Amino acid sequence: MKRVMITIRGKVQGVGFRYSALQKANALGVTGYVSNMDDGSVQILAQGAFPAVDQLIAWCETGPANAKVDNVFVEEDEADEIYLDFSITV
């Protein structure tokens with residue numbers, strides 16, 4: 001099991017990034033959540049099998065069609081909370 005916090009910066013709010021991330025995570029079997037942040041970035045907590053989480057990280061490099069991703073930062077997350085699904089939070 002791999003668990004990471006992903007921060008995506010660029011034109012990532014108002015372009016369907018969270019909804020697209022939800023669809024991608026569900027397709028990959030990744031659990032966690034995606035949120036818009038006050039600084040204009042999007043943050044994803046992702047947990048799941050190593051290859052699935054890595055595929056979600058790779059997807060974040062471009063995101064949905066209308067996004068313009070400038071940077072993706074990935075940090076290992078050590079929390080022990082288990083998510084049963086993937087959701088959009090505010």
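This is a guided tour of the model above, one selection at a time.

**Before you start**

The model is predicted: local features need pLDDT of at least 70 and side-chain atom pairs count only at pLDDT 80 or more, while totals for chains, interfaces and linings use all residues. Residues are numbered from 1 along each chain as its sequence is written, and side-chain values use heavy atoms, with hydrogens and water left out.

**Stop 1: the domain**

Select residues 3–90. UniProt, in an unreviewed entry, places the feature "domain: Acylphosphatase-like" at residues 3–90. UniProt positions are given in the numbering used here, feature names are shortened, and annotations may be inferred rather than shown by experiment. The span is 26% helix and 40% strand, and its end C-alpha atoms lie 21 Å apart. Helices (H or I, at least four residues) and strands (E, at least two) are DSSP runs, numbered from the N terminus.

**Stop 2: the sheet**

Show the strands as a cartoon. Five strands make an open sheet with mixed pairing, in the order β4-β1-β3-β2-β5. Two strands count as paired if DSSP finds at least two bridges between them. At the edges are β4 (68–76) and β5 (86–89), each of which pairs on one side only. From one strand to the next, the twist averages 15°. Axes here are lines fitted to C-alpha atoms, for helices over the stretch in contact, and angles run from 0 to 180 degrees between N-to-C directions.

Now select β1 (residues 2–11) and β3 (residues 42–48). These two strands run antiparallel and are joined by seven bridges. In this pair, I8 stands opposite V42 in β3.

How many of the residues of β3 are buried? Six of its seven residues are, and the strand is mostly covered. Buried means under 20% relative accessible area, exposed means over 50%, and partly exposed lies in between (1.4 Å probe, protein chains only).

**Stop 3: two threonines in the sheet**

Select T7, which lies in strand β1. T7 counts as buried because its relative accessibility is 10%. Its side chain makes a polar contact of 3.4 Å with the side chain of Q43. A polar contact is a pair of N or O atoms within 3.5 Å; within protein, one must be able to donate a hydrogen and the other to accept it, and residues adjacent in sequence count only if both atoms are side-chain atoms. Leaving aside neighbours within four places in sequence, T7 is in contact with S41, V42, Q43, N71, V72 and F73. Contact means heavy atoms within 4.5 Å.

Next select T31, in strand β2. T31 is also counted as buried, at 15% relative accessibility. It stands opposite Q47 in β3. A polar atom of the T31 side chain lies 3.1 Å from the backbone oxygen of Y83. Beyond four places in sequence, the contacts of T31 include L45, A46, L84 and F86.

**Stop 4: the helices**

Select helix α1 (residues 17–28).

Then select helix α2 (residues 50–60), which lies across β1, β3 and β4 and runs at about 5° to β1. Which residues of α2 are buried? They are A52, V53, L56, I57, W59 and C60. These residues cover an arc of only 160° around the axis, so they are on the same side of α2. The arc is that of the directions from the helix axis to the C-beta atoms. What covers them includes β1, α1, β3 and β4.

**Stop 5: the annotated site**

Finish with R18 and N36, which the unreviewed UniProt entry annotates as "active site". They span 19 residues in sequence, yet no two of their C-alpha atoms are more than 7.7 Å apart, so they gather at one spot.

R18 is found in helix α1 and is partly exposed, with a relative accessible area of 25%. Not counting residues up to four places away in sequence, R18 touches V34, S35, N36, I88, T89 and V90.

N36 lies in strand β2 and counts as partly exposed at 22% relative accessibility. With the sequence neighbours up to four places away again left out, N36 touches Q13, R18, S41, V42, T89 and V90.
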